[in-house]
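Here is a friendly briefing to read alongside the coordinates. Take a look at the structure first, then walk through the points below.

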Amino acid sequence: MAAEVDPAEVQTEQEEDVEVIPLTVEFSGGLEMLFADKKVHAIGLPAKTPDGKASNIAFLVDQVCEHLMEDDRKELFIQDDSVRPGILVLINDADWELEGEEKYEVKKGDKIMFVSTLHGG
Amino acid sequence: MAPSPCALCHTNRALILRPKNHQKLCKPCFINTFEAEIHHIITANKLFHRGERIAIGASGGKDSTVLASVLKTLNERYDYGVELVLLSIDEGIKGYRDDSLETVKRNAQQYNMPLTILGYSELYGWTMDQVVEQVGKKGNCTYCGVFRRQALDRGAAKLGVQHVVTGHNADDVAETVLMNLLRGDLPRLSRTTSIVTSTPSAVANAESGVPNHTNIKRSKPLKYAYEKEIVLYAHHKQLDYFSTECIYSPEAFRGSARALIKNLERVRPSAILDVVKSGEDMARLIPGSDERCGTGGCATNTTEEAGGCGSSQGRSTGGEMADMEKRLQQNDNAADHGLEVEITTMKTPRKKNAPKKATHASTQVPRKAVNQTMGQCTRCGYLSSQNVCKACTLLEGLNKSRPKASIGQVDAEDDETSTSHLSNTMNQVGISGD
């Protein structure tokens with residue numbers, strides 16, 4: 001199959017590999033303290049995961065922990081490889097449960113918000 | 001996933017999935033429904049009456065900010081005819097309360113409500129920073145909880161207000177129900193689950209209309225509101241609130257109960273209200289609860305130990321014989337120490353809080369019924385079932401630089417619901433360890 005592939009197409013695919021999706025990620029409700037006390041972050045997320053799948057929320061969360069979090073208390077954000085219960089995730093203002101949760105595939109310009117309900121006044 | 005339409009208006013895109021019933025709502029329908037439910041709770045429980053002045057215990061956090069916003073909206077929409085004021089307590093913790101008090105000040109302007117800030121330093125002569133310097137980080141929640149409890153009442157009295165509303169939500173109540181369950185403290189459940197708590201003197205002084213700091217009514221209008229919905233309401237209405245964590249308190253036990261509740265919610269969102277409901281049902285079955293006590297005034301008594309969502313009271317676990325035995329025991333103890341104070345309205349003699357007695361009683365009466373009787377603190381006049389109220393006892397310790405004199409046994413993990421009675425603590429020593 002590889003022999004039949006047009007070299008130009010391969011080139012395109014490689015370009016897609018490095019393509020990034022511009023997103024706005026926001027942390028609030030006390031979560032911002034894990035992210036340098038900054039609430040709104042404009043980021044570019046690779047369009048594909050390393051194994052070639054479309055980037056979804058699970059991948060975003062993973063990347064955010066790796067590149068954006070400036071606190072080593074990852075457990076305040078992640079529990080059992082998922083967003084910790086008590087943290088709301090809003091995808092373009094909609095509850096992520098209405099959007100497929102971690103499987104939601106991000107689109108250009110999406111606004112993803114993580115709001116902690118765990119902090120007091 | 002295709003966008004779902006709102007279950008109510010069938011027009012807008014649904015943004016909210018309601019935890020209690022999985023209903024999918026759009027933003028305007030959610031806000032309307034949320035407000036309508038709080039209105040229903042207020043009217044069904046007759047929480048307010050026309051002409052009443054009500055102080056909102058305001059911390060600048062999500063719950064009290066949403067409470068202030070919703071109450072203002074409802075008061076205008078349904079013409080409750082109540083006057084709302086904000087009351088904030090400044091514990092004196094630098095880097096924690098400072099910022100949230102700034103938020104409350106902005107809220108006061110946004111909602112056009114007068115704001116009173118009352119500090120621990122002016123009330124007690126100690127800020128929490130100073131207390132922690134004295135007693136260390138461990139156990140400081142005990143002081144904070146006891147002081148805060150009285151502070152809200154004192155602040156209300158100062159404002160001439162007889163009713164304080166707090167932002168306790170369904171998650172908070174469920175959490176406290178679980179904590180009491182896990183501690184084996186069922187008698188406390190009925191207070192934990194009550195939407196209104198009041199004091200005997202509130203009943204007695206109702207006609208005179210003169211508030212003192214012992215007759216303040218407390219209520220929790222957000223008792224059935226999910227924390228999730230409170231946060232979403234604040235988000236969608238773009239309310240100005242402040243999130244922070246107390247720099248001193250790890251609150252390990254409450255934290256574990258909280259985590260458990262949140263984990264349950266993820267698997268079964270209705271669990272939170274179910275736990276609240278279970279707490280209410282269990283409270284009814286407990287001897288000495290509101291239902292059983294009727295007008296005896298033994299269950300709705302709010303002592304200074306009672307926090308916003310719970311307190312120790314009426315540990316009646318052994319029936320009448322145990323009650324009698326306990327009373328006799330108390331008489332004996334009282335006689336032994338020669339500190340008897342007669343309060344004519346009381347059925348049983350006062351208990352005392354001499355530490356000596358604590359060891360004495362804990363060996364002899366490991367777990368017996370206690371009928372609390374209410375009197376006033378001989379030092380500050382605050383409602384108390386003890387000779388000297390908890391705050392005065394703690395203060396005495398602080399002022400003598402012997403901070404751990406009498407609080408060694410008090411469970412410190414429960415600052416919101418405050419701490420147990422010293423006399424109850426004797427009985428709890430084996431149970432409440434954290």
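Predicted model: local features only at pLDDT ≥ 70, side-chain atom pairs only at ≥ 80, totals over all residues.

Chain A and chain B bury about 2,300 Å² between them. Within chain B, B:Ile56 is buried, and helix H16 is largely enclosed by the rest of the structure.

**Where chain A meets chain B**

- The contact draws on 28 residues from chain A and 28 residues from chain B.
- Carbon and sulfur atoms give 52% of the area buried between chain A and chain B.
- Three salt bridges are counted between chain A and chain B.
- On the side of chain A that touches chain B, two or more residues come from each of strand E4 (82-83), strand E5 (87-91), strand E6 (94-95) and strand E7 (111-116) of chain A.
- E5(A) provides the largest share of that side, four residues.
- By residue type, the side of chain A that touches chain B has twelve nonpolar, eleven polar and five charged residues.

**Around B:Ile56**

- B:Ile56 sits in strand E3 (residues 53-57) of chain B.
- Its relative accessible area is 0%, so B:Ile56 counts as buried, the cut-off being under 20%.
- Leaving aside residues up to four places away in sequence, B:Ile56 touches several residues, among them B:Ser64, B:Leu67, B:Leu84, B:Met113 and B:Val165.
- B:Ser88 is 32 residues from B:Ile56 along the chain, and their C-alpha atoms are separated by 8.3 Å.

**Helix H16 of chain B**

- Why is helix H16 (residues 390-399) of chain B largely enclosed by the rest of the structure? Eight of its ten residues are buried.
- The buried residues of H16(B) include B:Lys390, B:Cys392, B:Thr393, B:Gly397 and B:Leu398.
- After H16(B) comes B:Ser401, with a positive phi near 55 degrees.

**Aromatic rings**

- Over all chains, a search of the whole structure finds 13 aromatic pairs.
- B:Tyr78 and B:Tyr80 form a stacked aromatic pair, 6.4 Å centre to centre with 15 degrees between the planes.
- In chain A, one aromatic cluster is formed by A:Phe27, A:Phe35, A:Phe77 and A:Phe114.

Note on methods. Residues numbered from 1 in each chain as written. Chains lettered and ligands numbered in written order. Heavy atoms only, no water. Buried < 20%, exposed > 50% of the residue type's maximum accessible area, 1.4 Å probe, protein only. Contact = heavy atoms within 4.5 Å. Phe/Tyr/Trp six-rings, centres within 6.5 Å; stacked < 30°, edge-to-face > 60°. Buried area = accessible area lost by both parts, 1.4 Å probe. Salt bridge = Lys/Arg side-chain N within 4 Å of Asp/Glu carboxyl O. Nonpolar A, V, L, I, M, F, W, Y, C, P; charged D, E, K, R; others polar.
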